[in-house]
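This report covers a helix pair, a chain interface and a sheet, in that order.

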Amino acid sequence: MVLMGTLGSILATVAFAAALAAAFLYYHTFLTPAERMLAAARICYQVATGSLVAVAAIFLYLILTHQFQYTYVWQYSSTDLSLPLLVSTFYAGQEGSFMLWALYTSFIGIFLMVYTSRRDYENATMSVYSLILSFLLLMLVVKNPFTMIWDSFPAELVKSGPIPPGFDNIVILDAARSIWAQFPTEGSGLNPLLQNYWMVIHPQILFSGFSAMAVPYTLAVAALMKRDYDSWIRIATPWAVFGSMVLGTGIIMGGYWAYETLGWGGFWGWDPVENSSLIPWLLCVASIHSALNQRKTGGFVRTNIVFSLLTFVTVLYSTFLTRSGILGDTSVHSFVDPGMWVYWLLLGCLGLFTLLGFGLLVFRLPEMPTAPAKHSYFSREFALFLGAFALSFVALFVMIGTSSPIITTILNGKASAVEISYYVRTNLPLGIIICLLSGIGQLLWWRRSQAETFVRSLTLPITLSLLTTAVVYGVLGSSEVLILLFTFCAAFSLVVNAKIGSEVFKGNPKFVGGSLAHVGIAVMCLGFVTSSRYDSTATLALERGTPVESMGYQLTYLGYEELDSERYAFNVQVRHGGVSKTVAPVMRFSKKDNSTMRHPDIINFLSRDFYVAPVSVESDADQPVSHTLNRGKSEQIGGVTVTFRDFEFPESERASMSEGKPFFIDADVRVQEAGRSDQLKLRMKNGPQGAEFLPATYTSKSGEQYVFVMTQMMPAQTDPSASAIAIDVVLPHDHSAHKKDDTLIIEASIKPMINLVWAGTVTLIVGFLLTIIRRIGEASRDGARLESGD
Amino acid sequence: MKAKIVVGAVVVVVGVLLAAMNFMESNVEYADFAAAEQSHKKVQVKGEWVKEEPTQFDVQRVKFTFFMKDESNRVVKVVLDGAKPNNFEIATSVVAKGKFVGGEFHASEVLTKCPSKYEGSPETVKKTL
C-alpha cells in the first residue's frame, strides 16, 4: 500500500512536468509553427491529463479501501461513511480539493484543445492553459496528498525495538535498525456538518465552475499574443457563459445548502468562502455583457480583455484569501494554516498570472485599436456599458469587504472583518441600477432606440412595477425607500424582459436566452427582498406540551425522538390557519468532543417558508428543584426516592447552642434507588455569620450525581412526627436524558416568497443554457468560415 | 470624450468614497473591556469564558449571561441578546460584539472559536490506533 502512494506521488510529478512541457512546446509552436512540435505538445498535454486521472484513481482507491496509513484518508474519512460520502471525502481537505480542481481543469482543457484547434487558436491558448494546469499540479507536488501517517505523526507512531506480536496494523520502516510504525485502524471521520448529500454534488459543480473561469483568461491572453483583438471575443463568449452558468449554479447550491442544512438562517451570509466565488462570477457576467458591445460596435476592446483577465485573476485571489490562512480568526469558517509553502505558491501563482495577463496588455496597448466612441447615451450599448461597470463595482465592493481583515491589518495593525451591513449598504444602490439597466437596455434593443416608441413601451412595465411595489409595501409593509426602489426596479426588469422574451420567442426561440436569464435574475432579486428584508424572526422557549403563539403561528413542542446515539429530532407542531404540520429540527450532541450540531427544518408553503432552527434544549437539570419533605414520607426526585427520617441534634451541639457557640443540626435523609440506599446528613451550621446550609452529594449506581441542600427546617414541637424540611435538589446533568419538563429553545422565522429565489435560479440557468447553445452555433459558423478561408 | 471621462471619474470617486465610508462604519474594531468602557461605540472584545462563574439563561427574555475575561485579564459580565452560542462549552476563545452599558457588556453577537476538531491532532491519532 505504501507503493501505491509512492506511485501516486511520482505520477503527480509526471503530470506536472508534462503540463509544463506542454506549455513550453505549445509556446514554441506558437512562435515557429511546426507540425511535429504541435503533435508533441498535444501528447504532453494528454500525458498530463492521463497521469492526473491515474493519480486521482489511486487516491480514490486508497479512500475506498480505507487505507488509514495515509494521513489524508485517516484525517477525512472513516469506515462508517456511506459510499457517496466516502467518495466525497476525496475533496474534503485542501490537497484533495486542489486535485479535483486540477482534474476538472485538465478535462476542460481537452475540450478547449479541440475547440481552439478548429479556430486557429490552439497554440497560444493551450500554452497559457497548460501553464495554469501545471501550477495547479505543482500544488499537488508541494502538498503531497499521499503523505504517510507516520511521517505526519512520527512522535506518536514511530517506534523502535522488537515488534509486539498480534498486530496487523504495523509496518516495518527499517528492518536493520528494527524501526517500525503503528497506523490507525479507523479514520478520524468526516466533519458532521459536511455529511450531507450536498457534499456529494456541490463542490464538484463549484470546482467545475472555477476551472471554467480559466478559459476566458486564457483566450484573452492568447488574443494579446496573437494580436487579434476582434475574433477572440466570439470564441470566448460561449466559454464565459458556460463558466457563469456552472459557477452560478454552484454558488446558489451552496446557498441552498447553508439555508437548508447548516442552519445559517439564510441562503447568503457574505462569508469569505461564499464571496470568493461570487467575485469571479460577477466579473464573468460583466464580461459577457461588455462582449456584446464589442460585437456590435467594435469598441470596448481593452475593457473586454481586462474583464476576461480579471475573471481568473480574482479566482486566484479568492483562492489565496480562503486557502492561505490569511483570514485567520475573522470568519465562522476556520481557515487552516496550510504552511509557508502553499502560502507562497498561491501568492506566486496570483502574482505570475496577474503579471502575465496585464503585463502583456500594457505591452500591447499602443498598437490596440481604439474604438470610435460615437454611440449615444440613449442606446442599448451605453446601457450595457453601464451595466457591466455596475457589476464590476459590486465585485470590487465585495472584494474590499472580503479583504477587510488584510486592509485593517495594514491600517490598524489588527485584523477585523466588516459587518454584513457593509455589503448590503454598498450593493443595494448598485442592485437598483443593475435591475433598471437590465430592463432599459433590453427595451432599447427591442425598440431600436427610438425615443418615441421607447417612451410608449415604458407605460406597461412601469404600471405593473408600481403595482408590484405597492403590493410589497402594502402586504409586507416597509418604509425603506431604497428597498422599495429596488423592488420597483426588479419588477420593472421582470416585466420588460418577460414581455420582450415572449415576443422574441415567437420570432426565434433560440434567441430567448438573454431575456430569460434577466427574468431569472429579476425574480431572484424580488425573492431576496421579500425573504430577507421582510422576514420575521423570533427566539422562542417552548415548554413541552404548552402551545406558544408567535407571528401568527401556534407552536407546540411535542417531544424528542432519538435518531441514533448522538442525534435527536425535536418534534414541534406548527399550526397556522387551520393547517397543522410538524417540523423536526435535529441536534447532534457529539460524544467525542461535547460539541452541538444544529440542523433546521423547514415547512415550505407556496408563499413562504416557516423555518425552525433549534438553539438548545434546557432541561431543568441545572436548576435546583425545590421539594418539601414531610417526616417519614417518601418522595420521588429524579431517579431516586428520598425520605426525611428525623433531625439529629446531638447533646454536645445543644450545649454549644446554649453557650452561644457555633453548632449544627443535621437532617437525616435516606436516598434509595433499585437495590441501593444511602444515608445523607443535610447539615445546618450556625456560626457567627448566621445559619449556613451545607450541600451533600449522592452518587447513583450509574455514576450520576444528585446534590441535596436543606433550605429550611420546620420542626414541629408538639408532634415531632409532623416535622418537615425544605430542600433543593440539583439533578444530574445529562445531555441526552432530557427530562419531561424540558424546554426547547428555537429560532423561528418566516421567509416570505423565498420560492422566488429558487424559481429565479432555475430560470437563470435555463437562460444561460439557451445562450450557450446559441453562441456555440455562432462560434461554429465563424470557425467554419475560417476553415473554408472565408 | 473629455466630458465622459470627467463624469466617469466623478462616478468612480463617489462610488469609492461611499464604499470607504461604509467600510469604516461597519468595521467593528477590536478592544479590551477598558477601551470598550471608554468608547460608546460597538466594539468586539476577545477573551475567554470564566467557567467558575455562573451562567444564566433567561428563557423569557432570551438573554444569555456569562462572565468573560478579556486579554487584559479583566472579568466582566456579558449579557448576550440570544441563546447560548454554538459550541460555547468547547470554545478555546470567544469574541463578543457589542457595547458597554452600566458595568455590563451587552453583546449582540458572540462568536466562538473552536479547536479545529477535524484537523488531525496527535491526540486523535492515538485514539484511532
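## Helix pair

In this predicted model, helix H12 (residues 272–297) of chain A and helix H15 (residues 380–402) of chain A have axes that come within 9 Å and cross at roughly 160°. Axes are lines fitted to C-alpha atoms, for helices over the stretch in contact, with angles from 0 to 180 degrees between N-to-C directions. H12(A) is therefore roughly antiparallel to H15(A) (an angle over 145 degrees). The crossing of H12(A) past H15(A) is left-handed (the near helix is turned anticlockwise from the far one by less than a right angle).

The contact of H12(A) with H15(A) has 16 nonpolar, nine polar and two charged residues. Ala, Val, Leu, Ile, Met, Phe, Trp, Tyr, Cys and Pro count as nonpolar, Asp, Glu, Lys and Arg as charged, and the others, Gly among them, as polar.

## Chain interface

In chain A, 46 residues are in contact with 35 residues of chain B (C-beta atoms, placed from the backbone, within 7 Å). On the side of chain A that touches chain B, helix H17 (residues 420–446) of chain A gives the most, with four residues. That side of chain A divides into 16 nonpolar, 21 polar and nine charged residues.

## Sheet

Four strands of chain A form an open sheet in the order S13-S21-S20-S19, with antiparallel pairing (at least two DSSP bridges between two strands). Strand S13 (625–630) and strand S19 (696–699) of chain A are the edge strands. The twist averages 30° from one strand to the next.

S19(A) pairs with strand S20 (residues 705–714) of chain A over four bridges, in the antiparallel sense. A:Gln705 in S20(A) is the bridge partner of A:Thr699.

## Conventions

Helices (H or I, at least four residues) and strands (E, at least two) are DSSP runs, numbered from the N terminus. Residues are numbered from 1 along each chain as its sequence is written, and chains are lettered from A and ligands numbered from 1 in the order in which they are written. The model is predicted: local features need pLDDT of at least 70, side-chain atom pairs count only at pLDDT 80 or more, and totals for chains, interfaces and linings use all residues.

Technical notes: Parallel < 35°, antiparallel > 145°, perpendicular 65-115°, else oblique. Contact = placed C-beta atoms within 7 Å.
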